[in-house]
Amino acid sequence: MSETILVTGGAGFIGSNFIHRWHRTHPDDRILVLDKLTYAADPTQIAGLERVELVKGDIQNRELVVHLLDRHRVRTLVHFAAESHVDNSITGPAAFIQTNMVGTFALLDAAREVWAGDRDTRFLHVSTDEVYGSLGDTGKFHEEMAYAPNSPYSASKAGSDHLVRAYHHTYGLPTLTTNCSNNYGPRQHPEKLIPLAIARMAKNEPIPVYGDGQNVRDWLYVEDHCAAVETVIAKGTPGETYCIGGDNEWKNLDLLHLLCDTVDKHLSRPEGTSRKLLTFVKDRAGHDRRYAIDAAKIRTDLGWKAEATFAERLYQTVDWYLR
């Protein structure tokens, strides 16, 4: 049967990719998008899609959320909306507390009112692996680890995760939480590492490398992430958390070297042209050393696994941004 789902932050990077996927895999569903349309949003990414309606509004507006859930008989809410750039959280943490914590609270409380104990509904909260803090040279994040956020951004996401958990255990709200690793792919705002580096390479501008460039991240193709979110909605157990990762660890400097070589190849430039643009800068405050995700739970319990081949998807990503 067809339904209407509500997606917050659907004009952003991951949200817009998710909407394109859901639109393709659920051709009878209507998608209602609630987005504040801040600097990181781009409504043109979802413009022209049939059965997709964009509502400009703030997730902190509880009355608006109640109205949308009730009027459109929404039974699935997918919550992507967030302030997400770590550097911005260091210089201006207030917006992160308001959007990521107060906004999530407003959504939860609105859903609690409208759904009133209906256990067949779903509230899926999309979070980050950064809530777990920093790893050493070995080990991976998993669902049972204690939270240890080190930036205002990760702290605000940790707080929202705890609110989601509390609303399930206190009120019985059918919540689901996912914690993902670093995403890459089309439609990402150019403030993030990969699109920023591609843009700088294309313009022959310096590319900043924080500290010694040895910080490690687990890279997840955005389409794989969206498939995982779709799987959790369909098969996940309310109250549970699922870690989503690409099993694809790269040191930042090594990733940038690969990206430089990929861009040079794509632009038919002499090998090494873009590497000359790498510029080491002062390390970011509270810069976590290593992230890595153990995705065994979602693989074993729900049957999801990352499908993307990194080199191929990275080349496709470079091609998308350069075009």
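Reader: Is Cys260 buried or exposed?

Author: In this predicted model, where local features need pLDDT of at least 70, side-chain atom pairs count only at pLDDT 80 or more, and totals for chains, interfaces and linings use all residues, Cys260 counts as buried because its relative accessibility is 0%. Buried means under 20% relative accessible area, exposed over 50% and partly exposed in between, with a 1.4 Å probe and protein chains only. Residues are numbered from 1 along each chain as its sequence is written, and side-chain values use heavy atoms, with hydrogens and water left out.

Reader: And which residues of α6 meet α8?

Author: Leu193, Ile194, Ala197, Ile198 and Met201 in α6 meet a set in α8 that includes Leu256, Leu259 and Cys260, where contact means heavy atoms within 4.5 Å.

Reader: Switching topic, how many disulfides does the count come to?

Author: The count comes to 0 disulfides, a disulfide being a pair of cysteine sulfur atoms within 2.5 Å. Cys243 is in no disulfide, and the nearest cysteine sulfur, which belongs to Cys180, is 9.7 Å away. Cys243 also counts as buried, at 0% relative accessibility.

Reader: What about Ser2, which residues is it in contact with beyond its neighbours within four places in sequence?

Author: Leaving those neighbours aside, Ser2 is in contact with Asp28 and Asp29, and Ser2 is partly exposed, with a relative accessible area of 48%.

Technical notes:
Helices (H or I, at least four residues) and strands (E, at least two) are DSSP runs, numbered from the N terminus.
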